[in-house]
Amino acid sequence: MSMTERKEKWFETWFDTSYYHILYQNRDFVEAERFITNLLAFLKLPAGSNCLDLACGKGRHSVFLNKHGLKVTGVDLSENSINEAKPFENETLTFDVHDMRTVYKKNEYDTVFNLFTSFGYFDDYEDNLKVLNSVNEMLVAGGQLVIDFMNADFVLDHLVKEEEKTMAGIKFHITRNYDGSHIFKNIHFTDKGKEFNFQEKVQAIKKEEFEDLLEKAGFEVQHVFGDFSLAQFDRSKSDRLIIIAEKK
């Protein structure tokens, strides 16, 4: 079924397809786990801290956080992804289907993680504030939110307009563009004689916008980093925007 035939939001469909996981199967999880290790060394969370991995996907990073002695709940809107994560559950690791714009459990979590650009998917900019307000309600007093997003300035300066990737014998033709608010990634491919078209889009939210949103949602920004080594943020050079904020 092509994207034009679908009525749901794009992230409710594309993330649930097997093709999404085929295209991104070579994502660098070693680098991701190194980042989480650096992050936990910096945060110094006590063993058994109650954490929420918001938009956890298939749960790989929730599992890694849990192995570091944290109690972790991973939630994601994609039912397929959560079904793949469920076999990893244990006494201190659980997964559930949930929309990040609403409260999952109130005053429950010491730390909420939102990692690897899992924010800004929505058409309505106000939904970003809904997410952050919900996170605030889910955190205990003095709890922390960790957001790992792309550095929109850097990404826009280095936007690859067109490329092809062949994964599992499928040739994915990818184009990207920016409309002043969203970065669009259009994905076209043919499999088993059928054509598919999907589109990803993410809001190009910049550092000042995040700081404004966090302030409105009752957070105080504590630290801002620019890469997985937790180096200082540089607008023109950093590839990531990593923000640690505390519930006021």
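What follows is a short exchange about a predicted model and the terms used to describe it.

Author: In this predicted model, local features need pLDDT of at least 70 and side-chain atom pairs count only at pLDDT 80 or more, while totals for chains, interfaces and linings use all residues. Residues are numbered from 1 along each chain as its sequence is written, and side-chain values use heavy atoms, with hydrogens and water left out.

Reader: What makes β3 and β10 edge strands?

Author: Seven strands form an open sheet in the order β3-β2-β1-β4-β5-β11-β10, with mixed pairing. Strands are DSSP runs of E of at least two residues, and helices are runs of H or I of at least four, numbered from the N terminus. Two strands pair if DSSP finds at least two bridges between them. β3 (93–97) and β10 (219–225) each pair on one side only, and these are the edge strands.

Reader: How do you know that β10 pairs with β11?

Author: Six bridges join β10 to β11 (residues 240–247), against the at least two that pairing requires. The two strands run antiparallel, and V224 has I243 in β11 as its bridge partner.

Reader: What does helix α8 touch on the sheet?

Author: Helix α8 (residues 207–216) packs on the sheet and touches β5 (139–150), β10 and β11. Contact means heavy atoms within 4.5 Å. The direction of α8 makes about 155 degrees with that of β10; axes are lines fitted to C-alpha atoms, for helices over the stretch in contact, and angles run from 0 to 180 degrees between N-to-C directions.

Reader: Why are the buried residues of α8 said to line one face of the helix?

Author: The buried residues of α8 are K207, F210, L213 and L214. Buried means under 20% relative accessible area, exposed over 50%, and partly exposed in between, with a 1.4 Å probe and protein chains only. Seen down the axis of α8, these residues fall within an arc of 125 degrees, so they line one face. That arc is taken over the directions from the helix axis to the C-beta atoms. Their cover includes α6 (126–138), β5, β10 and β11.

Reader: Why do C51 and C56 count as buried?

Author: C51 has 0% relative accessibility, so C51 is buried. C56 has a relative accessible area of 7%, which is under the 20% limit, so C56 is buried.
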